[in-house]
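I opened a new page for this protein. My plan is to look things up one by one and write down what I find.

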Amino acid sequence: RDLAVGIHDLSFATGQLVLTHETLAARNGTELGKYHVGIGQRSMSVPAADEDIVTMGAVAAAPILARHGADRIRTVVFATESSVDQAKAAGIHVHSLLSMPSATRVVELKQACYGGTAALQFAIGLVHRDPSQQVLVIASDVSKYELDQPGEATQGAAAVAMLISADPALVRIEETSGVFTADIMDFWRPNYLTTALVDGKESVSAYLQAMDGAWKDYTEQGGRAFDEFAAFCYHQPFTKMAHKAHRALLESCGREVDEAEVVRAVGQTTAYNEEIGNSYTASVYLGLAALLDNADDLTGQAIGLLSYGSGSVAEFFAGVPVPGYRAHLRSEQHREAIARRRDIGYADYRERHQQAFPVDGGDHPAPRETTGPYRLAGLFGHKRVYEPR
Ligand code: CAA
């Protein structure tokens with residue numbers, strides 16, 4: 001029980017294309033302030049024609065395997081809510097692209113944006129059972145809403161890969177967790193749709209209600225007091241949601257809602273998400289990456305993490321950066337992944353968004369577009385084929 005388990009390495013990847021909110025606002029007649037200030041978004045990542053959750057997951061995980069090898073990884077857990085197959089785990093394609101050993105179990109997990117945290121917690125349990133093992137967690141999603149609907153401005157695409165191990169080099173995850181589940185239809189995607197359905201306002205209040213429930217449970221489970229936290233990393237469907245969530249938590253803890261305090265608590269967690277957009281399962285961990293990459297030394301200080309998945313499940317837990325963690329960060333790689341995206345402009349974006357998914361079982365090679373190391377070669381006889389580029 002005294003064993004420290006947590007995040008040993010963290011790396012993210014994002015789609016190689018980008019649409020800015022400046023372009024979106026100019027073309028759909030929205031005031032730019034609504035995007036930049038109101039929802040806190042500046043641009044959204046869009047996957048290239050031969051990118052998807054698998055290729056982004058592989059790009060995110062490859063540097064982790066290059067640094068640590070795969071010898072101790074016996075489990076790969078792939079969390080997503082934009083799955084590419086109803087049966088086969090997307091992680092098997094990643095396992096193959098990265099030439100991982102066959103003595104590995106691979107599985108896919110789903111509960112909306114909460115799936116990444118479920119994967120993390122399951123991984124921690126496996127490492128407790130056998131501390132010599134490591135677990136590769138990949139959270140990868142492409143967020144897609146209907147064009148010209150309020151959700152459109154909150155689209156995005158990214159994958160986070162995390163290596164979970166004993167004696168982690170980055171962040172120790174504490175055992176106390178607060179959890180909450182409620183059966184609610186705030187956001188969902190039926191199997192026959194490629195875009196998510198959402199009741200926008202309902203989803204924001206469902207998020208806040210679930211957060212409140214998870215925080216209360218965390219407190220009842222003997223978790224840390226509110227004042228012990230140096231920063232709070234919230235799931236960020238749009239980055240202003242982190243501000244809303246923190247205001248609500250302050251209220252729930254009987255504190256005065258002071259805007260300067262809100263910015264202090266969440267301000268350094270939003271830098272990546274405001275450029276990438278919603279990456280669903282990856283979002284809260286992009287928040288953690290931004291905090292670790294950009295904040296002053298946080299060694300030994302508690303970070304509160306709030307994961308929310310519509311439908312709905314929430315979990316509140318704490319992570320503590322360990323001594324020396326800053327030497328293991330991938331800040332440069334992360335900033336470059338965002339900076340090198342290619343701006344596609346409005347017409348190109350719309351065309352890509354409306355592209356119909358081929359369902360005829362024929363051969364559909366994907367256009368060569370990504371400059372990354374892995375690509376979707378195409379669909380051939382209903383099979384997705386991936387290849388190194
Ligand atoms: N300058 C500054 N601010 C402005 C402005 C301007 N010119 N114009 C508007 N605003 C502000 C508004 O006052 C509002 O602020 P508050 O939220 O503080 O009231 C904010 O901009 C947004 O404006 P609206 O509420 O009018 O925006 P909207 O009707 O377009 O809806 C949304 C916003 C509900 C988030 C919508 O984008 C949406 O449906 N998104 C998808 C669903 C979603 O992200 N839900 C979040 C919770 S669910 C979840 O977390 C799971 C998940 O990942 C999906």
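Predicted model: local features only at pLDDT ≥ 70, side-chain atom pairs only at ≥ 80, totals over all residues.

My entries follow, from the whole chain down to single residues.

**Ground rules.** Residues are numbered from 1 along each chain as its sequence is written.

**Overall build.** I looked up the elements and found 12 helices and 17 strands. Helices (H or I, at least four residues) and strands (E, at least two) are DSSP runs, numbered from the N terminus. The radius of gyration is 20 Å, close to the 21 Å that the globule rule gives for 389 residues, so the protein is as compact as a globular protein of that length. That radius is taken over C-alpha atoms, and the rule is 2.2 Å times the number of residues to the power 0.38. Along its principal axes, the C-alpha trace spans about 55 × 55 × 40 Å.

A residue is buried if 20 or more other C-beta atoms lie within 10 Å of its own, exposed if 12 or fewer, and partly exposed in between, with C-beta atoms placed from the backbone. Next came contacts (C-beta atoms, placed from the backbone, within 7 Å). Of the contacts with a separation of 6 or more, 77% join residues 24 or more positions apart.

**The core.** The largest nonpolar core has 113 residues. Such a core is a set of buried Ala, Val, Leu, Ile, Met, Phe, Trp, Tyr and Cys residues joined through C-beta atoms within 7 Å. Val-137, Ile-138, Ala-159, Val-160, Ile-164 and Met-211 have the most contacts inside it. I picked Ala-159 and left out residues up to four places away in sequence. Its partners include Phe-12, Ile-53, Met-56, Ile-138 and Ala-282.

**Around the ligand.** Which residues come nearest to the ligand? Of the 26 around it, they are Gly-33, Lys-34, Gly-38, Gly-200 and Pro-237. Helix 2 (32-39) and helix 6 (200-220) are the elements that give two or more residues to this shell. "Near" here is a C-beta atom, placed from the backbone, within 6 Å. The shell divides into 14 nonpolar, nine polar and three charged residues. Ala, Val, Leu, Ile, Met, Phe, Trp, Tyr, Cys and Pro count as nonpolar, Asp, Glu, Lys and Arg as charged, and the others, Gly among them, as polar.

Val-76 touches Gly-91, Val-94 and His-95, among others.

**Strand 3.** Ser-43 and Ser-45 point one way from strand 3 (residues 43-46), Met-44 and Val-46 the other way, and all are buried. In a regular strand the side chains alternate between the two faces of the sheet. Strand 2 (residues 17-20) pairs with strand 3 in the antiparallel sense over four bridges; pairing needs at least two bridges found by DSSP. Leu-17 stands opposite Val-46.

Most residues other than glycine have a negative phi, and most peptide bonds are trans. I looked for exceptions. Phi of Asp-167 is near 45°, and Asp-167 sits in the loop between strand 7 (156-166) and strand 8 (171-181). Tyr-280 also has a positive phi, near 45°, in the loop between helix 9 (273-276) and helix 10 (283-294). Is each buried or exposed? Asp-167 is exposed, with 12 other C-beta atoms within 10 Å. Tyr-280 is buried, with 30. A cis peptide bond joins Gly-311 and Ser-312, with omega about -5°. Ser-312 lies in the loop between strand 12 (302-309) and strand 13 (313-321).

Note on methods. Contact = placed C-beta atoms within 7 Å.
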